[in-house]
There are 2 protein chains.
Amino acid sequence: MPEAGYHHGDLQEALIAATEAILADQGAEGFTLREAARRAGVSPAAPSHHFGNAPGLLTEVAIRGYQELGAALKQAAEKKEPLHLRLHAQGLAYVAFALKYSGRFQMMFSNKRLVAGDERLRKASRDAHREFEVVVAALVAGTPKQAKVAATVAWSTAHGFAKLALEGKFGDPGTDSGRREIMAMLRQVLEYLWPIESARR
Amino acid sequence: MPEAGYHHGDLQEALIAATEAILADQGAEGFTLREAARRAGVSPAAPSHHFGNAPGLLTEVAIRGYQELGAALKQAAEKKEPLHLRLHAQGLAYVAFALKYSGRFQMMFSNKRLVAGDERLRKASRDAHREFEVVVAALVAGTPKQAKVAATVAWSTAHGFAKLALEGKFGDPGTDSGRREIMAMLRQVLEYLWPIESARR
DNA sequence: TCTTTAACTTGACACTGTTCAGATTAGGTC
DNA sequence: GACCTAATCTGAACAGTGTCAAGTTAAAGA
């Protein structure tokens with residue numbers, strides 16, 4: 001694990017960490033392969049031996065992002081009654097993740113920069129999405145098909161809200177007060193979609 | 001309007017058209033300023049005299065995109081009874097726009113590549129969004145604030161669904177059959193959100 | 001016609017991702 | 001311990017990018 005010398009020791013992880021750092025403080029557009037190599041203290045050509053090319057590295061980062069997101073959704077749904085609260089918690093967790101790790105989040109959903117059709121990536125994305133389904137299935141009385149539709153509604157709404165929020169449509173996501181505005185608006189949206197008290201209007 | 005000679009005649013429009021063409025057949029990531037200049041038959045430095053820089057040109061294209069999108073939403077809402085159908089039509093129009101002009105659509109919502117805080121851009125975006133509000137306000141019995149929330153729900157859902165669809169989460173948006181799958185799923189989502197027949201469950 | 005000014009080009013600079021031949025070293029084998 | 005192989009990384013190069021400063025061309029107004 002020595003960071004100096006001709007052989008890095010654990011360049012793979014160092015590059016992933018460097019990429020996440022860049023995404024964190026420069027955003028998705030700020031990433032360059034050379035900068036990642038620079039931060040890992042290695043030549044521009046080094047990453048190719050581990051990840052093939054830039055999309056290869058980014059795909060690895062995206063996979064981990066989906067796993068984190070899935071875990072956050074799972075955790076948000078635990079031990080919440082009534083069941084509606086679980087969906088609220090998941091929506092809040094989804095947007096909170098998007099705001100907190102905005103660069104990574106944006107990268108996770110920009111297929112053009114990832115390895116098109118990577119099987120592990122598809123699986124990670126599906127697994128995260130499924131976290132919505134398990135909650136929705138418990139809530140919606142209906143066929144599995146209806147549950148799938150409801151889960152798609154939940155995902156689409158959370159995702160659309162997060163994306164629009166990141167583009168500054170609901171307030172500046174770069175400031176504390178802006179983020180509070182955004183989350184307040186989100187709570188109203190969730191309440192509209194899945195009212196907590198009464199049955200749906 | 002002569003296309004040849006030292007002075008182009010109408011380079012402004014030519015560059016915008018070239019940009020839209022690139023976005024149409026290469027996608028948002030495929031755009032380069034030099035390629036736009038190339039297609040307009042002009043040197044790489046020429047665009048700067050009209051748009052300052054690449055974000056300047058892209059912002060102009062995005063503004064027109066929002067205007068088109070707003071017009072499509074407005075048109076979709078015309079002459080449809082019952083009122084729920086207007087929202088359905090708007091959702092369908094939103095996603096149809098995203099699928100048809102995917103490159104431009106993606107660019108419209110990638111602030112990092114546009115002029116941050118351009119006033120005309122903000123207005124164009126707001127105007128498009130407002131098309132949701134006018135329909136929702138007529139539908140939702142409630143305070144203006146509630147109408148705003150409902151409009152945000154509509155926008156978020158349509159936008160999220162469109163984005164996820166473009167990333168291939170509901171089928172391949174590049175094929176006819178994939179697009180049919182996507183639109184079929186969307187119809188179910190809209191029916192879940194705003195059931196046509198009965199009152200909301 | 002002359003001159004001002006807008007439009008455009010040329011050439012340069014600092015970047016980018018990727019490739020390829022070569023240098024280095026880690027780890028297993030004698 | 002010495003040797004060899006295979007993995008790892010470097011250095012230099014290439015084609016491409018956005019943008020800038022200085023120079024060239026032509027349109028428009030006096």
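Visitor: How many salt bridges are there across the interface of chain B and chain A?
Guide: The count there is 0. Keep in mind that this is a predicted model. Polar contacts do turn up across the interface of chain B and chain A: 7 residue pairs, both partners at pLDDT 80 or more.

Visitor: And which elements of chain B give two or more residues to the side that touches chain A?
Guide: Those are helix H8 (144-166) and helix H9 (176-193) of chain B. H8(B) gives the most, with 14 residues.

Visitor: How much area do chain B and chain A bury between them?
Guide: About 3,500 Å², with 60% of it on carbon and sulfur atoms. The contact takes 35 residues from chain B and 35 residues from chain A.

Visitor: Okay, switching to chain A by itself. What does the domain assignment give?
Guide: Domain 1 covers 1-52 and domain 2 covers 61-193. For the contact, domain 1 of chain A supplies 9 residues and domain 2 of chain A supplies 7 residues. Their C-alpha centres lie 28 Å apart.

Visitor: How much do domain 1 and domain 2 of chain A bury between them?
Guide: About 740 Å², 61% of it on carbon and sulfur atoms. On the domain 1 side, Glu20(A), Leu23(A) and Ala28(A) lose the most area to domain 2 of chain A, and together they make up 61% of what that side buries.

Visitor: How many salt bridges are there between domain 1 and domain 2 of chain A?
Guide: There is 1 salt bridge between them. As for polar contact, 2 residue pairs are counted between domain 1 and domain 2 of chain A, both residues at pLDDT 80 or more. The side of domain 1 that touches domain 2 has 4 nonpolar, 2 polar and 3 charged residues.

Visitor: Which residue does Arg64(A) form a salt bridge with?
Guide: Glu13(A), and the closest N and O atoms are 2.8 Å apart.

Visitor: What about the whole structure, how many salt bridges over all chains?
Guide: Over all chains, the structure holds 16. One of the pairs is Asp25(A) with Arg39(A), at 3.3 Å from N to O. Asp25(A) sits in helix H1 (residues 11-26) of chain A and Arg39(A) in helix H2 (residues 33-39) of chain A, so this pair ties together parts 14 residues apart in sequence.

Visitor: Which residues are linked with Arg39(A) in a network of salt bridges?
Guide: Asp25(A), Glu35(A) and Arg38(A) are linked with Arg39(A) in that network. Arg39(A) and Glu35(A) form a salt bridge with their closest N and O atoms 3.0 Å apart. Those two are 4 residues apart in helix H2 of chain A, so about one helical turn separates them.

Visitor: How exposed is Arg39(A)?
Guide: Arg39(A) is partly exposed, with a relative accessible area of 37%.

Visitor: Back to chain B for a last one: which residue forms a salt bridge with Asp176(B)?
Guide: That's Arg179(B), with the closest N and O atoms 2.6 Å apart. Asp176(B) and Arg179(B) are 3 residues apart in helix H9 of chain B, so again the separation is about one helical turn. Arg179(B) is partly exposed, with a relative accessible area of 28%.

Note on methods. Residues are numbered from 1 along each chain as its sequence is written. Chains are lettered from A and ligands numbered from 1 in the order in which they are written. This is a predicted model: local features need pLDDT of at least 70, side-chain atom pairs count only at pLDDT 80 or more; totals for chains, interfaces and linings use all residues. Side-chain values use heavy atoms; hydrogens and water are left out. Domain bounds come from an automatic or database domain assignment. Contact means heavy atoms within 4.5 Å. Buried area is the accessible area (1.4 Å probe) that two parts lose on being put together, summed over both. A salt bridge is a side-chain nitrogen of Lys or Arg within 4 Å of a carboxyl oxygen of Asp or Glu. A polar contact is a pair of N or O atoms within 3.5 Å; within protein, one must be able to donate a hydrogen and the other to accept it, and residues adjacent in sequence count only if both atoms are side-chain atoms. Ala, Val, Leu, Ile, Met, Phe, Trp, Tyr, Cys and Pro count as nonpolar, Asp, Glu, Lys and Arg as charged, and the others, Gly among them, as polar. Buried means under 20% relative accessible area, exposed over 50%, partly exposed in between (1.4 Å probe, protein chains only).
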